[in-house]
Amino acid sequence: KQQSDNRGKRGNNSMKRILLLLLVIGTLLLGACGASATAPALTEEFLRQRAEAAYEALSAGEWLEYYEYMEPRFREECKAGEFAMQAELFNTMSRSFMGIEENESLEWLVSRVAVEGEEGKVWADVLYKGDPDENTDRLPSIIEEGEGAPWVFLDGQWWIYAGEEGCPAAW
């Protein structure tokens, strides 16, 4: 009977080892799947999706929504309300300068993106009444062909890089 008990214990130990091995293999496989799921975030496609969503908010004048795409460091330094007020002021002044009425829309459309490591660039066309705006030379450098707007990849997400300028009030 003792020999039978020892075989039972060995059988249980073997079963425990097999289950433990399966658990370790399963965890490694899930980890590998999870890692590959986050890797595409560094692609141009993922940056384009984020930029399109941000520029949709920008086009609609949804400053607080657009603010959510700004890099976390910027959002720590610049409060949402202050950003929204300054963005609206800048928008009003820019429209006045270009002769665009308040009720007329400007639409920002992503035209090109580029990714190099954890840094990205986004180029946008500005449409006025559905046509490319001919006054783009007077708009911010975000649309100039040579520069592109800088984006940065942090904590698994693409963010608009605001530079070191701080809140728009300092612009």
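Which side chains meet in a salt bridge at 3.7 Å, N to O? I found Glu68 and Arg75. I take a salt bridge to be a side-chain nitrogen of Lys or Arg within 4 Å of a carboxyl oxygen of Asp or Glu.

**Ground rules**

I am working with a predicted model, where local features need pLDDT of at least 70, side-chain atom pairs count only at pLDDT 80 or more, and totals for chains, interfaces and linings use all residues. I number residues from 1 along each chain as its sequence is written, and side-chain values use heavy atoms, with hydrogens and water left out.

**Entry 1: salt bridges**

I counted four salt bridges in the structure. Glu68, from my opening pair, is partly exposed because its relative accessible area is 43%. For that I call a residue buried under 20% relative accessible area, exposed over 50% and partly exposed in between (1.4 Å probe, protein chains only).

Next I looked up Arg73. Its side chain meets that of Glu71 in a salt bridge of 3.1 Å, N to O, and that of Glu77 in another of 3.2 Å, N to O. These shared partners join Glu71, Arg73 and Glu77 into one network. Arg73 and Glu77 both belong to helix H4 (residues 72–77), four residues apart, or about one turn of the helix. I read helices (H or I, at least four residues) and strands (E, at least two) as DSSP runs, numbered from the N terminus.

Arg73 is partly exposed at 24%, and Glu77 is partly exposed at 48%.

**Entry 2: a buried arginine**

Arg50 sits in helix H2 (residues 44–59). Leaving aside neighbours within four places in sequence, I listed its contacts (heavy atoms within 4.5 Å): Glu68, Tyr69, Trp151, Gln157, Trp158 and Trp159.

**Entry 3: the largest nonpolar core**

My rule for a nonpolar core is a set of buried Ala, Val, Leu, Ile, Met, Phe, Trp, Tyr and Cys residues joined through side-chain atoms within 4.5 Å. The largest has 34 residues, and Tyr55, Tyr66, Val122 and Trp151 touch the most other members. Several elements supply at least two residues each, including H2, helix H5 (80–98), strand S1 (106–116) and strand S2 (119–128). H2 gives the most, with six residues.

**Entry 4: the strands**

I then followed S2, which is mostly covered: seven of its 10 residues are buried. Two strands pair, by my rule, if DSSP finds at least two bridges between them. S1 and S2 pair in the antiparallel sense over 10 bridges, and Val115 stands opposite Gly120 in S2. Their hairpin has two residues between the strands, and Gly117 there takes a positive phi near 65 degrees.

S2 also pairs with S4 in the antiparallel sense, over four bridges. Here I noted Glu119 opposite Val152 in S4.

Why does Val113 count as buried? Because its relative accessibility is 8%. Val113 is in strand S1. Beyond neighbours within four places in sequence, Val113 is in contact with Glu44, Leu47, Arg48, Lys121, Val122 and Trp123. I also checked Val113 against Phe46: they are 67 residues apart in sequence and 9.9 Å apart in space, C-alpha to C-alpha.

**Entry 5: aromatic pairs**

My ring rule takes Phe, Tyr and Trp (its six-membered ring) with centres within 6.5 Å; planes under 30 degrees apart are stacked, over 60 edge-to-face, and the rest tilted. A search of the whole structure gave me five aromatic pairs. The rings of Tyr67 and Phe83 have centres 5.3 Å apart and planes at 45 degrees, so I logged the pair as tilted. That pair links distant parts of the chain, with Tyr67 in helix H3 and Phe83 in helix H5, 16 residues apart. Tyr67 and Phe83 are both buried.

Phe74 and Phe83 make an edge-to-face pair, 6.0 Å centre to centre with 85 degrees between the planes. Both of these residues are buried too.
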